[in-house]
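Hi,

Here is the structure I said I'd pass on. Have a look at it first, and then read my notes below.

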Amino acid sequence: MSKEMEINSSEEERKAHSMTLYIPLGEGRSTFNLENAVCNHGFFMMAPNVWIPSTKTLQRPLRLADSSTSILTSISHPHNENSIHVHLHHTEYVSPKDQQVILDQVARMLRLSDRDEMDVKHFHQLQPKAKTMRFGRIFRSPSIFEDMVKSILLCNCTWRRTLDMAQALCELQFELKDHKRGRMTGDSINRSKTKINVDEELEYYSLGNFPNSMELNVLDEETLRNDCNLGYRAKIIIELARSIQNGEFPLNKFGKALPLDAKSMPKIYKMLNKKRGFGPFACANVLMCIGYYERIPTDTETFRHIKEIHGRNKVTDKDVKEIYNKYAPFQCMAYWLELCEYYQLKFGKLSELPRSKYHTITGSYKLCTSIPK
């Protein structure tokens, strides 16, 4: 799928201090739907992502080529258009290098590569319902590092707390963005909650981007644990960031140097599993984000789903394989399609929910009750 970009430099945009890039969908036009490509995984509900139901627009900060500067971006797909619109706010000019970096991030989130298109069409052959629903692009982050950290945030806690931790990390990134050097502690961080001013028509003002490994590397564990309420996850995330920054953990191999095939998947799983905190669930979730769909990230929600939907009494990993192996190598896509259908039957269309209801989206949530904090 081509990612050649075009720049809209209309007089209206120049006055509004903005510009628009385009990603042509090419052959993917028949299988792509922005609403379905975004609103299918809990990651889209986690900060700094903001889905705007009224305009079917995804809004969040994206990084420029220097890896430290972020720009507020709105991603949309107008009806009958053959391109995705990537609107950059509060800027009159972005260098060609920065433009390509932004487009690469959008393409990663929405899975717009030729390989992704092949996977979608293959899965549609195995599961015709997915073709009817234009389902097959499981939403992910602009970077594998963000996917990895968010996978850790999903572990051993309520969905409400996961959302709160992601928000806290983005708020912390805003406070840290002017600190370029030196290890930061809680005492040295500016605790101001000053917000970035944006145009009134935007529904969201950014408190910060999701922190990258470079930004987290200047923090100490105590600050991250206390300021973002991460608990034991603070140590895991700090160690991950430092191992990437010092070159110990070869993040560039994930989905790039190694081909996406059955032989490479065990190698990547082994590399991930060596990292503190990356057990079977987190590893499988990261593999899914990379583009390996054979391992389903199984947790209590998975077992609840199989009991309720497939009528199994005592669910084991063997049951999971028996149910989904017929969709190999896309077992995870098949499971996620079922899970999305279940959530939408219970809560309504995920793409139309207000952000205030996101914490309720779990199979164990009972309507008219509240989840314990």
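To start with, are Tyr324 and Tyr335 buried or exposed? Tyr324 is buried, and Tyr335 is buried as well; buried means under 20% relative accessible area, exposed over 50% and partly exposed in between, with a 1.4 Å probe and protein chains only.

Before the rest, some housekeeping. This is a predicted model, where local features need pLDDT of at least 70, side-chain atom pairs count only at pLDDT 80 or more, and totals for chains, interfaces and linings use all residues. Residues are numbered from 1 along each chain as its sequence is written, and side-chain values use heavy atoms, with hydrogens and water left out.

Now the rings. Rings of Phe, Tyr and Trp (its six-membered ring) pair if their centres lie within 6.5 Å; planes under 30 degrees apart are stacked, over 60 edge-to-face, and the rest tilted. That gives seven aromatic pairs. Helices (H or I, at least four residues) and strands (E, at least two) are DSSP runs, numbered from the N terminus. Tyr335 also pairs edge-to-face with Trp336, at 5.5 Å centre to centre and 80 degrees between the planes, and Trp336 is buried too. Elsewhere, ring pairs link Phe123, Tyr293 and Phe330 into a cluster.

Next, the strands. Strand S4 (residues 57-63) has seven of its seven residues buried. Thr57, Gln59, Pro61 and Arg63 point one way from S4, while Leu58, Arg60 and Leu62 point the other way. Strands pair if DSSP finds at least two bridges between them. S4 runs antiparallel to strand S3 (residues 50-52), with three bridges, and antiparallel to strand S5 (residues 70-76), with six bridges. In the S4 and S5 hairpin, with six residues between the strands, Ser67 has a positive phi near 70 degrees.

Finally, just after helix H3, Arg111 takes a positive phi of about 55 degrees.

Cheers
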